[in-house]
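Biologist: I would like to learn how to read a model of this kind. Please take me through it feature by feature.

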Amino acid sequence: RGNRGRAIIFQSVTSQFKGQLQSLMNKIGSTSPSFVRCLNPNSNKKEGDFMPEMVLDQLRCSGLLEAVRVSRAGFPSRMVHVEFLKRFRLLAPNLPPGDPKQLSQGLLNALHSDPIEYRVGVTKVFLKKKLMDRLQHARDLKLTVHVVKVQTQSRCFVARRKVQRMIRIKRASIALQSRLRRTLARRWYWNLLEQLRRQREEEERKRREQEEAQRQAQNALLAQQGLPPVAAPPPPPVAA
């Protein structure tokens with residue numbers, strides 16, 4: 001009975017470990033883990049102290065240099081035909097439509113690639129590092145040219161819109177100034193006419209007052225002589 005209880009406990013611990021292990025494997029399978037290899041720069045554990053011989057021995061012992069050498073000797077870059085065309089087809093835009101494998105071969109031929117540096121498989125393209133770097137550099141240059149063109153067009157568009165806006169503002173300000181000056185000129189003209197009218201009325205009033213004074217003096221002389229007085233002139237017509 002005691003052995004049976006211990007077996008049940010052992011089974012429950014084992015099943016719990018298996019469940020945790022399965023959960024861990026599922027989590028690792030759903031991600032893209034990256035492994036970092038740590039190297040000691042010196043044996044004194046001092047900051048800023050770098051010992052090249054020690055680091056080189058660690059690289060040799062860990063097999064990293066050999067892995068890099070093997071990777072360079074083989075075809076480290078592997079891409080599906082569709083992905084390869086999607087990434088590098090802009091280097092040869094005149095390729096006719098067709099099978100992805102044939103298009104990948106035609107693209108590499110159009111770029112004058114050395115057949116030793118690549119292999120075209122049934123579903124993938126295998127590239128050496130030197131060829132991959134060259135294709136990536138050519139792609140970056142091509143994208144840079146297109147980006148510069150887009151930036152040029154966008155800056156021209158923004159500058160053109162800014163100039164057009166400045167022209168509209170200038171035209172609107174000129175029209176506003178013209179209307180304002182015309183209104184001020186009209187107001188000044190009407191004020192000038194009003195002053196001239198008042199000046200003429202004032203001169204006409206003074207002239208009539210002088211004529212009336214002269215007529216009264218003349219009538220006084222005529223009255224002394226026993227002659228009839230001079231009649232007053234008719235009032236001037238009222239301006240419409």
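Biologist: Where does Lys45 lie?

Modeller: Lys45 lies in the loop between α1 (2–29) and α2 (52–62). Helices (H or I, at least four residues) and strands (E, at least two) are DSSP runs, numbered from the N terminus. This is a predicted model, in which local features need pLDDT of at least 70, side-chain atom pairs count only at pLDDT 80 or more, and totals for chains, interfaces and linings use all residues. Residues are numbered from 1 along each chain as its sequence is written, and side-chain values use heavy atoms, with hydrogens and water left out.

Biologist: What is the phi of Lys45?

Modeller: Start with the general idea. Most residues other than glycine have a negative phi. Phi of Lys45 is positive, near 55 degrees. His112 also has a positive phi, near 55 degrees, and lies in the loop between α5 and β2.

Biologist: Is Lys45 buried or exposed?

Modeller: Buried means under 20% relative accessible area, exposed over 50%, and partly exposed in between (1.4 Å probe, protein chains only). Lys45 is exposed, with a relative accessible area of 80%. His112 is exposed too, at 71%.

Biologist: How many helices and strands does the chain have?

Modeller: The chain has six helices and three strands. From the N terminus on, the order is α-α-α-β-α-α-β-β-α. The radius of gyration is 53 Å, well over the 18 Å that the globule rule gives for 240 residues, so the chain is more spread out than a compact globule. That radius is taken over C-alpha atoms, and the rule is 2.2 Å times the number of residues to the power 0.38. The C-alpha atoms fill a box of roughly 170 × 70 × 50 Å along the principal axes. Buried residues make up 12% of the 240.

Biologist: Which residues of α6 are buried?

Modeller: They are Leu131, Met132, Leu135, Arg139, Arg215, Asn219 and Leu222. Their cover includes β1 (77–80), α4 (81–88), α5 (100–110), β2 (118–120) and β3 (124–127). Contact here means heavy atoms within 4.5 Å.
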